[in-house]
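Here are my notes on this one, jotted down as I went through it. Have the viewer open while you read.

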Amino acid sequence: MEKVMWLALGGTALVAGVRAGRSRRAMYLGRAALGLLFIAFGAVVNGVYLAMDSGYYDAFADRSPFPFVRDTWESLVVPHLGVWITLLILFEAAAGVLVLLGGRWTQAGLVALIGFHVCQLAFGGVLWPWATVMMAALALLLRAERHPAPARRRPSPAVPAISR
């Protein structure tokens, strides 16, 4: 279920990012999708996996093409999952909240998430296409946040002519 939501919300963020340069509504939709993605399907889901002690993280780095990443994961992260995954959960929740706040907070959250996805590239496998697409979405949304589209003005209601 969470993989479907990652794809749906990630896809929404990408489409919103493409349109966000011309549409504030798209920019706000991108914020909402990312906030939900990282708070609910990042932080909360990782919290559930950690609490269930499901072994989900044991082989996470196995697809990395870098021996350093695989060895460090096995020797440092796996023996101390509680510490490292709690830090991951806090990061995802904080980044999700920052993205939702607007203004410079959103920009800080987007920059943090771009860095996060750059780091994901070290794990290889499915994270390469995922992180690449997400970095594109995040960069587009960051550009829109820095140079927002003009607000749409609502047309003023027509003033009826007074007849005599």
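Among contacts in the chain between residues at least 6 apart in sequence, what percentage join residues at least 24 apart? The figure is 69%. Bear in mind throughout that this is a predicted model.

1. Box and burial. Taken along the principal axes, the C-alpha atoms fill a box of roughly 90 × 30 × 30 Å. As for burial, 36% of the 164 residues in the chain count as buried.

2. α2 against α4, geometry. Helix α2 covers residues 24-52 and helix α4 covers residues 81-101. Their axes come within 8 Å and cross at roughly 160°. Since angles over 145 degrees count as roughly antiparallel, that is what α2 is to α4. The crossing of this pair is left-handed.

3. α2 against α4, residues. On the α2 side, the residues in contact are R31, A32, L34, G35, F38, I39, G42, A43, N46, G47 and L50. They meet L81, G82, I85, T86, L88, I89, E92, A93, G96, V97, V99 and L100 of α4. Sorted by class, this contact holds 14 nonpolar, seven polar and two charged residues. If you want to step through the glycines, G35, G42 and G47 are among the α2 residues and G82 and G96 among those of α4.

4. α2 against α6, geometry. α2 also packs with helix α6, residues 127-146. Here the angle is about 135° and the axes are 10 Å apart. That makes α2 oblique to α6, and the crossing is again left-handed.

5. α2 against α6, residues. M27, G30, R31, L34 and L37 are the α2 residues in this contact. From α6 come W130, M134, L138, L141, A144 and E145.

6. Where the two contacts share residues. R31 and L34 of α2 are listed in the contact with α4, and R31 and L34 also turn up in the contact with α6. I'd look at this pair of residues with α4 and α6 both displayed.

Methods
Residues numbered from 1 in each chain as written. Predicted model: local features only at pLDDT ≥ 70, side-chain atom pairs only at ≥ 80, totals over all residues. Heavy atoms only, no water. Axes fitted to C-alpha atoms, helices over the stretch in contact; angles between N-to-C directions. Helix = DSSP H or I, 4+ residues; strand = E, 2+ residues; numbered from the N terminus. Parallel < 35°, antiparallel > 145°, perpendicular 65-115°, else oblique. Left-handed = near helix turned anticlockwise from the far one by under 90°. Contact = heavy atoms within 4.5 Å. Nonpolar A, V, L, I, M, F, W, Y, C, P; charged D, E, K, R; others polar. Buried < 20%, exposed > 50% of the residue type's maximum accessible area, 1.4 Å probe, protein only.
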